[in-house]
Amino acid sequence: MDPKMTEVTQMFARFKAAYARNDLNTCVTLLSQLKVHLTQFPSLPPLFQQTPNIVEELKLARDIYEHAVVLSVKLEDQDAFERDFCQLKPYYMDTCGIIPASPEEYPILGLNLLRLLVQNRIAEFHTELELLPVKALEHPCIKHAVELEQSFMEGAYNRVLSARQAVPHETYVYFIDLLAKTVRDEIAGCSEKGYDSLSVSDAKQMLMFSSDQDLHEYITEEHPEWEIKNGAVFFQKAKESQPCKEIPSLQLINQTLSYARELERIV
């Protein structure tokens, strides 16, 4: 085996051992070194030069970037996820016929769709979806992301909040939790504006919490202005704390009359 390939393979083995024992700091250090070493292989994107070891080099690099994406999720670093996914994507899109497909391809593509949904980048979500082959839409990981987007757009928040119970891949939990928080905050905001108070049981059901304790913790952390007393959640204090915006009615009336007079002159 080529000496450079041997060095990278051995370093990658150390990376995987560190990941297995949850030593994330070592993983980050080794990953940086691995990325530097990969720049020495001309067979990798964007050059794709024909070398004696092109298949092994492409497979090794793809494996490294797949682990980099998973590590970024473990670190809860969305910026690193985006960078690593952009580096990985050419290995999925541009190496067909050179190396066999990776079993992690669709789980990671689905994970990226979920990230775009969490970041409310809906246009990019659909762009990425259109780049996938038709057969990919039947994969559980892709299907899961598509169904979540549909539920989110329809306002079927109960389906979004219950999606955590049926994640197709363990790496999805981080983004599902972020999406669930976004949805709960949206429901909480609507509840605050639509009701003066709710019973604890109704608030728990509306926000999809399984216990009173979970509801109490959410209110304490996210909405300390809400009051819980006598078995009910009161929103009045939150409403009182919101500044009232005055509508400049006289100014609007004068502007409307002015526009009407101008229209009469034009006609």
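Of the chain's 267 residues, 39% count as buried (under 20% relative accessible area; exposed is over 50%, partly exposed in between, with a 1.4 Å probe and protein chains only). This is a predicted model, where local features need pLDDT of at least 70 and side-chain atom pairs count only at pLDDT 80 or more, while totals for chains, interfaces and linings use all residues. Residues are numbered from 1 along each chain as its sequence is written, and side-chain values use heavy atoms, with hydrogens and water left out.

**Overall shape**

- The chain holds 13 helices and three strands (DSSP runs numbered from the N terminus: helices are H or I with at least four residues, strands are E with at least two).
- Its radius of gyration is 26 Å, whereas a compact globule of 267 residues would have one near 18 Å (taken over C-alpha atoms; the globule rule is 2.2 Å times the number of residues to the power 0.38).
- Along the principal axes, the C-alpha atoms fill a box of roughly 80 × 65 × 35 Å.
- Take the contacts between residues at least 6 apart in sequence: 61% of them join residues at least 24 apart (contact means heavy atoms within 4.5 Å).

**Helices H2 and H3**

- Two packed helices are described by the angle between their axes and the distance between the axes.
- The axes of H2 (residues 24-38) and H3 (residues 54-74) come within 11 Å and cross at roughly 145 degrees (axes are lines fitted to C-alpha atoms, for helices over the stretch in contact; angles run from 0 to 180 degrees between N-to-C directions).
- The crossing of H2 past H3 is left-handed (the near helix is turned anticlockwise from the far one by less than a right angle; clockwise would be right-handed).
- H2 makes the contact with Leu 24, Cys 27, Val 28, Leu 31, Leu 34, Lys 35 and Leu 38. H3 supplies Ala 61, Ile 64, Tyr 65, Ala 68, Leu 71 and Lys 74.
- By class, this contact has 11 nonpolar, no polar and two charged residues (Ala, Val, Leu, Ile, Met, Phe, Trp, Tyr, Cys and Pro count as nonpolar, Asp, Glu, Lys and Arg as charged, and the others, Gly among them, as polar).
- H3 has 21 residues, so at 1.5 Å a residue it should span 30 Å; its end C-alpha atoms are 30 Å apart, which agrees (the expected span is 1.5 Å times one less than the number of residues).
- Just after H3, Glu 76 takes a positive phi of about 55 degrees.

**Helix H7**

- Gly 155 follows H7 and has a positive phi, near 80 degrees.
- Glu 138 sits in the loop between H6 and H7. It is exposed, with a relative accessible area of 58%.

- Most residues other than glycine have a negative phi, and most peptide bonds are trans.
- Pro 45 and Pro 46 are joined by a cis peptide bond, with omega about 5 degrees. Pro 46 lies in the loop between H2 and H3.
- Met 208 is not a glycine, yet its phi is positive, about 60 degrees. Met 208 is in the loop between H10 (200-206) and H11 (212-222), and is partly exposed at 32% relative accessible area.
- Asn 230 is not a glycine either, and has a positive phi of about 55 degrees. Asn 230 belongs to the loop between strands E2 (227-229) and E3 (232-234), and counts as exposed at 77% relative accessibility.

- Leu 116, in H5, counts as buried at 2% relative accessibility.
- Setting aside neighbours within four places in sequence, Leu 116 is in contact with Arg 121, Glu 124, Phe 125 and Glu 128.
- Tyr 259, in H13 (residues 249-266), is exposed, with a relative accessible area of 55%.
- Tyr 259 and Asp 214 are 45 residues apart in sequence and 55 Å apart in space, C-alpha to C-alpha.
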